[in-house]
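Here is a friendly walk through the fold, from its sheets to its cores and a pair of loop residues. Keep the 3D view open as you read.

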Amino acid sequence: MQQGTPYLSKTGKPVEAGTRGFWKDYPNINALCAELGIAEDDVFTPFTNSSFYSPDGLEATAPVFSEARLPSLGIPFLDQFAEQSFPTLPSPLGQVIATFPLFERIPLADRASMVGLLLATIDCLGNDEATQEQYDRMSAHDLFVKFGLSKRLVEDFIKPTLLVGLFKPPEELSALVVMELLYYYALAHQDSFDVRWIKNGTVADSLVLPLAEKLQSVYGLHVMGGCRVGEISVGESEDGKNMVNQITYQDASGKTTTMRDVDGVILALGCKGMESVVRASPDLAKFKEFSLAASLKGIDVISCRIWFDRIVPTRTPANVFSRFEALRGAGGTFFMLDQLQENSPDLWGEDAAEVLDEDDEVIESTRGSVVACDFYNAGGLMSLSDEDIIKTLTDELLPSAVPRFADAKVVDSWVGKYPGVVSWFSPGSYNKRPPLEGAGNALPNVKCAGDWVRMGEREHGAKGLCQERAYVSGFEAANSLLSSTTDAFVATQVLPVREDEAQFKAAVEINRKVMGSGLLPRFWTR
């Protein structure tokens, strides 16, 4: 795709591979908006609730914690405060109280079993890298069993959350990364889970395009859209160091070109891109950091968009499918884009026709609901035809969650299949993930960026499959590259996420003293 060209379906409607949320603790992306002169309210929706649906109906609703109200608990003295603004409380007490009335089916005793995970999180994230590697070798499923999380809590809530957050079930995920994700998105602060979405168009045209235009106009950056990297070659510099010195690539027309006298490279690649580049670059493959990264496998994803003939009201605009047989082991989400983006003409492309009266007021519109549906860990669905995937959604999944979908007819649809493209944080994968520093001093002018990189001394508080982490890693990779290849430069300053709360810091200190004393061996890891 050429830079600046919208990604369109065959019928000319704008589409996007995946629907991306923007959470509360995205300070650097928020700062990007300010730098580009874009008001956040013009780019993002308000923070929204999310609903979890299973074959039994609505399971739970995730609140907007920063806008939550005190619940009615059926206790006369306390109920006088119901519906007042929810105070900011220490984490996780605030989350427990705010969500108390929002779990429709999961009993309190099952929710209380989450305490075991809090203890494991304190031990893991509050300790050194060697301890975290022990947790990385364990699956999240094993961790949940050893720390007493109830089967119902895992199956009905945590597993569906992980399937749409890290795109795999607990038995196929590193316990380390699961705890990083849950802490960053849910446990660090009362409002950590508050999430908003793109208000108009896509991430590409709302944020990436304005950034690219600024880099080109202000800094003279040359963006070569549609190019595919082939071989990256390594030579020897005048002082005898290994250095990348040329790149072979195909341009948008398919012509092969070689770029010589390369100063530096940042591999901003996912797992599939890394595999492709390293396979084509024997010089890179000699360095274990790149060959190990290229050995990691990715996760299959399917993105769909459905245009309906009528508006379908829903409880919340963002929704998760849980435990449906039709998912075939996948995680599933559906987003009401007509609610998030006010059913703007941009959602309908060339079909955005309206009938106006003589005063240019709309008297008839062809626009119904527009739904973006994504499947993660979608291997069991990849072999289905596009038509059958849409039928699975319109005949089974969507009406099961929201019955009024049964009355809506499909006007148009689009399906995009992406095999093995998303990072899979499998047990034991930590040491294979690419370091931000690449091969270090052995090849100083190659660095790595992306949400899957190990950032080492430049580690940031944003974790998991996370746009903030990917963005920050790009800054830090550039800082590292300039530090390795130039004598003087001004480093880009990265904003940290909010500081850990006092009770978490205190718990970490207590845990270190207990575990350091040798009185309690860490028998649950190896």
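Two strands count as paired if DSSP finds at least two bridges between them. The model you are looking at is a predicted one.

Start at the β3 end. Strands β2 and β3 form a hairpin, with 2 residues between them, and they pair in the antiparallel sense over 5 bridges. To find this pairing on screen, look for S54, which stands opposite G57 in β3. Is β3 mostly covered or mostly exposed? It is mostly covered, as 6 of its 6 residues are buried.

Further along the sheet, strand β9 (residues 298-308) pairs with strand β14 (residues 370-376), antiparallel and over 7 bridges. Here R305 stands opposite A372 in β14.

Which helices lie across this sheet?

**The three-stranded sheet**

There is also an open sheet of 3 strands, ordered β5-β6-β7, with antiparallel pairing. Its edge strands are β5 (228-236) and β7 (256-260), each pairing on one side only. Neighbouring strands here are turned by 25 degrees against each other on average, direction ignored. Strand β5 is joined to β6 (residues 242-250) by 7 bridges, and the two run antiparallel.

| Strand pair | Bridges | Facing residues |
|---|---|---|
| β2 and β3 | 5 bridges | S54 and G57 |
| β9 and β14 | 7 bridges | R305 and A372 |

In soluble globular proteins, nonpolar side chains tend to be buried together. In this model, the largest nonpolar core has 101 residues, and those with the most contacts inside it are L143, F144, L166, L267, F290 and L443. Which helix gives the most to this core? That is α10 (residues 175-187), with 9 residues.

Leaving aside residues up to four places away in sequence, L166 touches L173, V177, V178, L181, I299, F425, G464 and L465. A second, separate core has 31 residues, including F324, F334, I389 and L398.

**Two arginines in one loop**

Finally, turn to the loop between β10 and β11, where R323 has its place and R328 is also found. R323 is not a glycine, yet its phi is positive, at about 70 degrees. R328 likewise has a positive phi, near 55 degrees, in a residue other than glycine.

Why does R323 count as partly exposed? Its relative accessible area is 33%, and partly exposed covers what lies between under 20% (buried) and over 50% (exposed). R328 counts as partly exposed too, at 48% relative accessibility.

Methods:
Residues numbered from 1 in each chain as written. Predicted model: local features only at pLDDT ≥ 70, side-chain atom pairs only at ≥ 80, totals over all residues. Heavy atoms only, no water. Helix = DSSP H or I, 4+ residues; strand = E, 2+ residues; numbered from the N terminus. Axes fitted to C-alpha atoms, helices over the stretch in contact; angles between N-to-C directions. Core = buried A, V, L, I, M, F, W, Y, C linked by side-chain atoms within 4.5 Å. Buried < 20%, exposed > 50% of the residue type's maximum accessible area, 1.4 Å probe, protein only. Contact = heavy atoms within 4.5 Å.
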